[in-house]
Amino acid sequence: LGLFEETLRSSQPMDPALREKIEALVSARTQARQRRDWASADRLRAELARLGVVVEDGPDGTTWKRKP
């Protein structure tokens with residue numbers, strides 16, 4: 001489905017529940033993109049942004065990282 005990546009900008013580890021939520025949202029967004037459901041994909045990207053996550057789509061799949 002996609003590649004998941006996190007770039008930590010601090011020494012604090014990410015809460016496992018938050019990581020799970022982010023990965024679920026990224027997966028749902030990937031599925032929406034595969035269905036060409038752009039409205040849902042955009043909504044999910046906005047929700048991820050509210051969580052402080054940047055999503056990047058590339059030829060090898062989708063990656064994400066926390067905003068600095």
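This is a predicted model: local features need pLDDT of at least 70, side-chain atom pairs count only at pLDDT 80 or more; totals for chains, interfaces and linings use all residues.
## Salt bridges overall

Across the whole structure, a search finds seven salt bridges. Among them are the pairs D57 with R29, R45 with D57, and E56 with K65. Four residues, R29, R33, R45 and D57, are connected in a network of salt bridges.

## D57 and R29

D57 and R29 form a salt bridge through their side chains, with an N to O distance of 2.7 Å. D57 belongs to strand β1 (residues 53-58) and R29 to helix α1, so this pair ties together parts that are 28 residues apart in sequence.

Are the two partners buried or exposed? R29 has a relative accessibility of 3% and counts as buried because buried means under 20%. D57, at 32% relative accessibility, counts as partly exposed. That value lies between the cut-offs of 20% and 50%, which means that D57 falls into neither the buried nor the exposed class.

## D57 and R45

D57 also forms a salt bridge with R45, and here the closest N and O atoms are 3.1 Å apart.

## E56 and K65

The side chains of E56 and K65 form a salt bridge, with 3.4 Å from N to O. E56 is partly exposed, its relative accessible area being 38%. K65 is partly exposed too, with a relative accessibility of 24%.

## The loop at D37

Where does D37 lie? D37 is in the loop between α1 (16-34) and α2 (38-50). The side chain of D37 makes a polar contact of 2.8 Å with the side chain of S40. D37 has a relative accessible area of 26% and is partly exposed.

Conventions
Residues are numbered from 1 along each chain as its sequence is written. Side-chain values use heavy atoms; hydrogens and water are left out. Helices (H or I, at least four residues) and strands (E, at least two) are DSSP runs, numbered from the N terminus. Buried means under 20% relative accessible area, exposed over 50%, partly exposed in between (1.4 Å probe, protein chains only). A polar contact is a pair of N or O atoms within 3.5 Å; within protein, one must be able to donate a hydrogen and the other to accept it, and residues adjacent in sequence count only if both atoms are side-chain atoms.
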